[in-house]
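Here are my notes on the model, as numbered points. Please read them with the structure open.

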Amino acid sequence: MHPTELIECLLVAVVVFLIFAASYVFRGKWRTMIRLLAVLCILMYAVFYAIRPFLIESRLAADVIILEDKLKERHPNETFTVTTIPFRTEGYESTNPYTIYVTFSSEPDSEYYYQVTDEGEVEQRGFSSTIEGKIDFHHLGK
C-alpha cells in the first residue's frame, strides 16, 4: 500500500471514529442518524477507493493522447515509444502514476519523462540514459 493511501485510510478511520464517538452524546433518533452518517462515510470512501484506479487510468490515457500530439508537432520526422507505469503494481508504489516515459528512435539509450498539467500543457520533468555519464541529450526542452 502506498504511503498516501495509508494516510487516507487512517484519516477516514479517525473521522469515522470521531463521528461514532459523537453519537454517544446524543440519544434516540439523533444517535441513529449520526451513526448512519458514519456508515455513509465508510461507504463513500470504499466507492472512491474502488473507482480511483479507473479514474487515474482514464486521465492517463487522455494525457498520453495529448503528449503524442505535442511530440508529433515538435518532432514531425521522429518516431517514439510511449510507456506508462502499471498503477498499483508491486515495485511501482513510490512512482507517480501520471508520469509518461518516452523513448525516441533516434536516441534509444535515453528516456524522457513527461507530465501533462491540468491545463493540458506538456512539461518535460526529467530524463535518463542507460549510458553512464551521457550529456548530449537531443530532445531536452524541445
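1. The model is predicted. Its largest nonpolar core has 13 residues, and those with the most contacts inside this core are L67, L71, I100, V102, F104 and Y114. The elements that contribute two or more residues are α2 (29–74), β2 (100–104) and β3 (107–116). Helix α2 gives the most, with four residues.

2. Leaving aside residues up to four places away in sequence, L67 touches I100, V102, Y114, V116 and V122.

3. How are the strands arranged? Four of them form an open sheet in the order β1-β2-β3-β4, with antiparallel pairing. The edge strands are β1 (80–84) and β4 (122–129), each of which pairs on one side only. On average, and with direction ignored, neighbouring strands of this sheet are turned by 30 degrees against each other.

4. The pairing of β3 with β4 can be followed in detail. These two strands run antiparallel and are joined by seven bridges. With a relative accessible area of 30%, E123 is partly exposed.

5. The count of salt bridges comes to six. One of them is formed by the side chains of E8 and R52, at 3.3 Å, N to O. E8 lies in helix α1 (residues 3–23) and R52 in helix α2, so this pair ties together parts that are 44 residues apart in sequence. Is R52 buried or exposed? R52 counts as buried because its relative accessibility is 18%, and the cut-off for buried is under 20%.

6. A second pair to check is D109 and K134, whose side chains meet in a salt bridge at 3.2 Å, N to O. This pair links distant parts of the chain, with D109 in strand β3 and K134 in the segment after β4, 25 residues apart. Both D109 and K134 are buried.

7. Which residues are linked in a network of salt bridges? The network consists of R59, D63 and D118.

Notes. Residues numbered from 1 in each chain as written. Predicted model: local features only at pLDDT ≥ 70, side-chain atom pairs only at ≥ 80, totals over all residues. Heavy atoms only, no water. Core = buried A, V, L, I, M, F, W, Y, C linked by side-chain atoms within 4.5 Å. Buried < 20%, exposed > 50% of the residue type's maximum accessible area, 1.4 Å probe, protein only. Contact = heavy atoms within 4.5 Å. Pairing = 2+ DSSP bridges. Axes fitted to C-alpha atoms, helices over the stretch in contact; angles between N-to-C directions. Salt bridge = Lys/Arg side-chain N within 4 Å of Asp/Glu carboxyl O.
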